[in-house]
Amino acid sequence: MDKVVGQKRAAAYLYSPIDPFDQRMLDTGDGHFIYVEQCGNPDGIPVVVLHGGPGGGCSPAMRRYFDPAVYRIVLFDQRGCGRSRPHASVENNTTWHLVADIEMIRDALGINRWIVFGGSWGATLSLIYGQTHPESTAALVLRGVFLMTQPELDWFYGGGAGKFWPDLWANFTSLIPEEEHDDLIAAYHRRLFSGDIGSEARFARAWAGWENALASIESNGATGESPSDYARAFARLENHYFFNAGFLAKDQQILDRMDRIANIPGVIVQGRFDMICPPISAHTLASKWPKGHLVMIGKAGHALSEPGISRELVHAMDQFANNRDFLAL
């Protein structure tokens, strides 16, 4: 399939839409069932796509960043979101459960090593997976780097981004009594897990709306309201992970373990004006990764759908396709 070129929308840089050749639900054995699909060439270079959030789920557009004649594209919805079940559940749902799920999927599909492709929280999970299973990781392609550190959480939920978007920040904080503003993650946590579905949905839409409004540089803060079911899963899962510091042993864990992936090649695509995951994280990551190449996109924010970000991600995957020998798959 040929790529569409000559336009300045993200879709212009993507491959044509495709359908999966395989869809299945995998039983984790501890109460979760994970939706997994495969697209492209069954005998191609394996690549697994890790979506953001936590709680965002995969979309058909994520299939289109890879040449379907070359790549065996594996997508799955992480625990509690998308088509995985039970929906919005945080039971047995930690970073380490997700790492184990990725290995379960790899083993179930009979894949030896694969490229790991992830953005935002998906970049976080890609790095943690690669550091835990370097033997299974041929390369990493990351977008909108988030290192799961307290300064990053303080930026987005402690007022940093709010200094650029005071009107939207006021909307986000107005639902919480002022005496709880010193820890908005904890304040929202109490309400997202109150047991009152209607109330949870209300606060979930506010949580998701704050993030969605800042994702794209083109939106200028405008965004539609997410459906209640999606917003509730997204907000509960994301808040659950952030409330628990990503279930990491220490704040700088990813950076402290970069030696584990020092010999794994990677590409980092980062929007210069990313308001959700500031570029300092991508820059710091690249400085500690000998084989990690940082591409900074001048006029771009956080979203996967930013044209410059889509262009560079597709280019990175095309480059790996043209130089596959070193991947040792």
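"Buried" here means under 20% relative accessible area, with exposed over 50% and partly exposed in between (1.4 Å probe, protein chains only). This is a predicted model, where local features need pLDDT of at least 70, side-chain atom pairs count only at pLDDT 80 or more, and totals for chains, interfaces and linings use all residues. Residues are numbered from 1 along each chain as its sequence is written, and side-chain values use heavy atoms, leaving out hydrogens and water.

**View 1. Helix H7 and its buried residues.** Helices (H or I, at least four residues) and strands (E, at least two) are DSSP runs, numbered from the N terminus. H7 takes in residues 228-243, and twelve of its 16 residues are buried, so this helix is largely enclosed by the rest of the structure. The buried ones are Ala231, Arg232, Ala233, Phe234, Ala235, Arg236, Leu237, Glu238, Asn239, His240, Tyr241 and Phe242. What covers them? The cover includes helices H1 (95-108), H2 (121-132), H3 (150-157), H5 (184-192) and H6 (197-213).

View 2. The expected span of a helix is 1.5 Å times one less than its number of residues.

**View 3. Gln270 in strand E7.** Gln270 sits in E7, which covers residues 266-271. Is it buried or exposed? Gln270 is buried, at a relative accessible area of 0%. Contact means heavy atoms within 4.5 Å. Leaving aside residues up to four places away in sequence, Gln270 touches Gly144, Val145, Cys277, Pro278, Pro279, Ala282, Leu294, Val295, Met296 and Ile297.

**View 4. Asp318 and Asp67.** Asp318 belongs to helix H10 (residues 307-322) and is buried, with 14% relative accessible area. How many residues separate Asp318 and Asp67 in sequence? The answer is 251, yet their C-alpha atoms are 7.3 Å apart in space.

**View 5. Two cis peptide bonds.** Going from Gly53 to Pro54, the peptide bond is cis, with omega near 0 degrees. Pro54 is in the loop between strand E3 (45-50) and strand E4 (71-76). The bond from Arg85 to Pro86 is also cis, again with omega near 0 degrees, and Pro86 is found in the loop between E4 and H1.

View 6. Ala88 is not a glycine, but its phi is positive, at about 65 degrees. This alanine lies in the loop between E4 and H1 and is buried, with a relative accessible area of 1%. Met148 is another residue other than glycine with a positive phi, near 55 degrees. Its loop runs between strand E6 (137-143) and H3, and at 3% relative accessibility Met148 counts as buried.

**View 7. Stepping back to the chain.** There are ten helices and eight strands, and 60% of the 329 residues count as buried. The C-alpha trace spans about 60 × 45 × 40 Å along its principal axes. Take contacts between residues at least 6 apart in sequence: 72% of them join residues at least 24 apart.
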